[in-house]
Amino acid sequence: SRQLFAVDMSCRELPERMLLILLVTAQAAASEYVSVTFNVGMAGRTVDSAGVHLAGSFQGWSPAALTAVADVHSVTVNLLPGQHEFKFLNGNIWDTAEEVPQECAVGEHGNRFVDVQAGENTEVNVCFEACVPCAELPTCKLFNCPRGFQHKSDSLNFAGSSGSACCQALESWDKVEVLVRSAGMADGNNAEFWVGGQMIYGTGTRGLTVLELSEDATTRQVQTFDTHADGAAALVSFLEAIQPGQVVLIGAVDEASAQLSEAAKGAISRLGGAGVWALSYRGSYALIGSKDGPALSETVLPPESGVAVAAALLTLPPSPTPASDICNAHSASPPASGHLTADGNLVLDVGCRYELRNPSQITSCLAGAWVVVTGSSNSQLMWNSLVMMLAPEDADVMRPGRFGGRDLMDIVVENGRITYINTVPSSEEICMQADTAQAAENDAGCRALYTEQLAAAPEHSSGRTRITFFMSFFWPRTGVAADLVEADTKWANAEVALLVQVTAWYLVCNAMQFNGCTRPEIRYDTEDAVFDIFSSEMDAVLTRLEPFCSPGGRAGLRGCTVATNSWSPASGALGDSFIRFNAEVTRAMSSHMTANFRYLDIFALGAAMPDETKQGHGSQVLHQWTWQILLGGFCASSAAAEGSVASFSGPQCFAQQYDLQHCPNYHSRCQQWNNCVLWQCGNSVLCTLTAVNPWTETQASTSMPSVSTTSTQSTTSVTSASTTSMESMGLYLDVDGGEDRACRGASASDNSPSHYTVHVGVETFDSCKQLCSSKPECVGIEYSGTRCEIWTRAEGIQSSIALGGFQCYRKASLMMTTSTTTPDVNFSPVDGGVDRACRGQDRGDNSNLYYTAMTATSLESCKELCIQASGCVGIEFKGSRCEVWTREEGIEASIELSGFTCLKYAPQRRLSVLI
């Protein structure tokens, strides 16, 4: 009885005791939390209608709204001590997430971080997409937009120090932004002249500096005139000698007005510089003018008013004829320094060019070979690019570990498809790249695991290519990779090619203090100590690789390449660290490199095309050029293509093309992770480099280039165009709307190179049409930038795909008789047409009174229904649903909606044609 009573009492008391325990525990836990206030400034930005949001590791990366006070948006949360990662979003979906500058980002996703200390309330104060508060930022007019971008027309005087805040993508590859900065005595005392994100001249010499640009936007001549003390006669003579139509840049330094005569001001006025008459003592003056034409951009400011900036767009001529001399890719150190042209061709400083290889030649060259890549995320992107070249049909498949999460990835390609894939997750603790002692303890177990996984690959054959990636954050793992490849028996007959790029993570751990670093000994030591570790580990592995890469060694036939770290835009201490560690790679390889054991300065190659690196990771244009150089060493010269010009095709070859809409498979996956990264998106879809010959046929005549400007003082437009008759050009009909469409053969996936020939340097769309009209076999054209595809497929162009910046048109042949009464099939895209749903007066106006819904088997059938309907003003089409719009005012708006097409219709009189 007592026992039962005791049990009963304990059961009654248990809830009270547990409540007390939970209360004490909760109070203790609550006392550990720290108040953290996140403040983000949006100065100079248009805030999304959904508002500014915060997403972080501390709340499952789910965007949470912030409260706005003026231009600053804030939220306060309670966090436990430790490092927390986060990002701000200008909206409430991941497509609107900020791009965090590398200097204040961590990890491969480029997140912000905050270190929360126990007992210390913390406040984060930054400007959106910047490392400091908006008040500490300079204005956008002091920021240099990279090549392929221009300053936003309304951004020059807004606070900003990032591309997303200050810049917008150019509309076409043949445009370049020109910028002049001028600072008088009290405002900086210098002048700078920039073209395409690169400073071509700078000076601190007093007076007016005049720079004449050549047609390709390089410096023709430059001279400074001291118009404060020496008079202006020499300036007048200089300006009078410049030929009409030439573009001239002028910047004032220190003091330039005292001896600036009326004759000199008149000569500057002939460049369009009307504002020069207002230049005051020690004022600032910037001009982009054209001789005997209007000013393209002009700014004049009184002293102590800041820097005067003029900015304008110029149209570049087609790329120059490629160099005739061939670079030796088999040399111990193939050249890499140079610059990238507007259409993506590499011009080397040494004056030679590399042989190019089309995908078919790359496949042939590497048949039966084993390509091994070691390094970190940029090396993995290199591996990824090669896989896409060899297996283009599998390019957009989101395989596990494609962008991280795997320490070993082993793929076999046969007949253009991936036939085998095997991976080892990064979560395998036995292979974690830890501190020296732990790594030594795990070495045997890790080697056993990797050996087992490598042995699972199919047998070697002459028709198979194997591409293996070893995640090698640190040098010792590259030594392990060499040992395992050497010991492999299944592929013992394969010729091995090795690419090694190991530098970044020594700095990611130490200089950037990444929380995910697995080697505390590197993270918390001094940079000098880490540099010594880096040098020692590298020397040991290079010594081990020497026999591996020498003739008679495992990679003795194809060779090895050791590369510097990928280019980084980082400045300050971090930038200095990258330069220091890369220099050590150069030093170490100097005593090892041979024609078989090569050294490639990928950092210099990236610097040749700085706009092709985003968030520390290269674009496919950069990777394609890297592989062209590497394959020149791995393959025989006889395997090269005949073409000397690289032509890129794909929606995201260039970094400025990155858009989550262009990588739907990746986008659908990254949304599940709540972390979409543009550099991963850009490397997830196919980009093809095709070697073509430059277009040498006579082009249509052109006049002065079209110039648009962005300036705080004036906006000028100079436009002229040549006219070509329809008789000389022929008649062309759009394919699926024509604009933002890339041509295809029998289906959307049919893009065989046999269907067309490629011509580059074709300056205009009309010139591409003329080239087609001159060839009887031409059935249509695809045009983008200066690239013209002449389609000769016997069955014609039967399909197309949506691709921004492309145009696809069929060629129609004129009949001997004409009709003037048949309505033309004249459909034009609304807001691009593709992935757009039609609306009436505005985006919310979708009355069912505006249209009649019908069934159509194709877009062309839907168009026919419109032509036959009385009062049709346009169509909306998706699947088999065709809306024939008859709204009297027409289609005036649209919304973005995947899979829909919205086109306006305007009947015209036309020639009868045979298609």
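Biologist: Which residue forms a salt bridge with Lys 863?

Modeller: Asp 734 does, with the closest N and O atoms 3.2 Å apart. Asp 734 sits in strand 34 and Lys 863 in helix 19, so the pair ties together parts that are 129 residues apart in sequence. A salt bridge here is a side-chain nitrogen of Lys or Arg within 4 Å of a carboxyl oxygen of Asp or Glu. Helices (H or I, at least four residues) and strands (E, at least two) are DSSP runs, numbered from the N terminus.

Biologist: What sort of model is this?

Modeller: This is a predicted model: local features need pLDDT of at least 70, side-chain atom pairs count only at pLDDT 80 or more, and totals for chains, interfaces and linings use all residues. Residues are numbered from 1 along each chain as its sequence is written, and side-chain values use heavy atoms, with hydrogens and water left out.

Biologist: Back to that pair. Is Lys 863 buried or exposed?

Modeller: Lys 863 is buried, with a relative accessible area of 2%. Asp 734 counts as buried too, at 14%. Buried means under 20% relative accessible area, exposed means over 50%, and partly exposed is in between (1.4 Å probe, protein chains only).

Biologist: What does helix 19 lie across?

Modeller: Helix 19 (residues 859-868) lies across strands 39, 40, 41, 42 and 43. The helix runs at about 150 degrees to strand 41. Axes are lines fitted to C-alpha atoms, for helices over the stretch in contact, and angles run from 0 to 180 degrees between N-to-C directions. Contact means heavy atoms within 4.5 Å.

Biologist: In what order do the five strands form their sheet?

Modeller: The order is 39-43-41-42-40, in an open sheet with antiparallel pairing. Strand 39 (827-839) and strand 40 (851-855) are the edge strands, and each pairs on one side only. Neighbouring strands of this sheet are turned by 25 degrees against each other on average, direction ignored. Two strands pair if DSSP finds at least two bridges between them.

Biologist: How many bridges join strand 41 and strand 43?

Modeller: Four, in the antiparallel sense. Strand 41 covers residues 874-878 and strand 43 covers 893-905. Phe 877 stands opposite Thr 901 in strand 43.

Biologist: Now strand 34. What is the phi of Asp 736?

Modeller: About 55 degrees, which is positive although Asp 736 is not a glycine. Most residues other than glycine have a negative phi. Asp 740 also has a positive value, near 55 degrees. Asp 736 lies in strand 34 (residues 731-744), and Asp 740 has its place in strand 34 as well. Asp 740 counts as partly exposed, at 29% relative accessibility.

Biologist: Salt bridges again. How many are there?

Modeller: The count comes to 34. One of them joins Asp 483 to Arg 544, with the closest N and O atoms 2.7 Å apart. Asp 483 is in helix 8 (residues 475-487) and Arg 544 in helix 11 (residues 527-549), so this pair ties together parts that are 61 residues apart in sequence. Asp 483 is partly exposed at 26%, and Arg 544 is partly exposed at 22%.

Biologist: Which residues are linked in a network of salt bridges?

Modeller: Asp 443, Arg 447, Asp 483, Glu 486 and Arg 544.

Biologist: And what does Arg 519 meet in a salt bridge?

Modeller: The side chain of Glu 537, at 3.0 Å, N to O. Glu 537 is in helix 11, while Arg 519 is in the loop between helix 9 (504-509) and helix 10 (520-523), 18 residues apart. Both Glu 537 and Arg 519 are buried.

Biologist: New topic. Which residues are buried in helix 3?

Modeller: Leu 235, Val 236, Phe 238 and Leu 239 are buried in helix 3 (residues 233-241). These residues cover an arc of only 165 degrees around the axis, which puts them on the same side of helix 3. The arc is that of the directions from the helix axis to the C-beta atoms.

Biologist: What covers them?

Modeller: The cover includes strand 14 (207-213), strand 15 (219-225) and helix 4 (262-269). The face turned away from the buried side carries the exposed residues Ala 233, Glu 240 and Ala 241.

Biologist: Last one. How many helices and strands does the protein chain have?

Modeller: The chain has 19 helices and 44 strands. Of its 915 residues, 53% count as buried.
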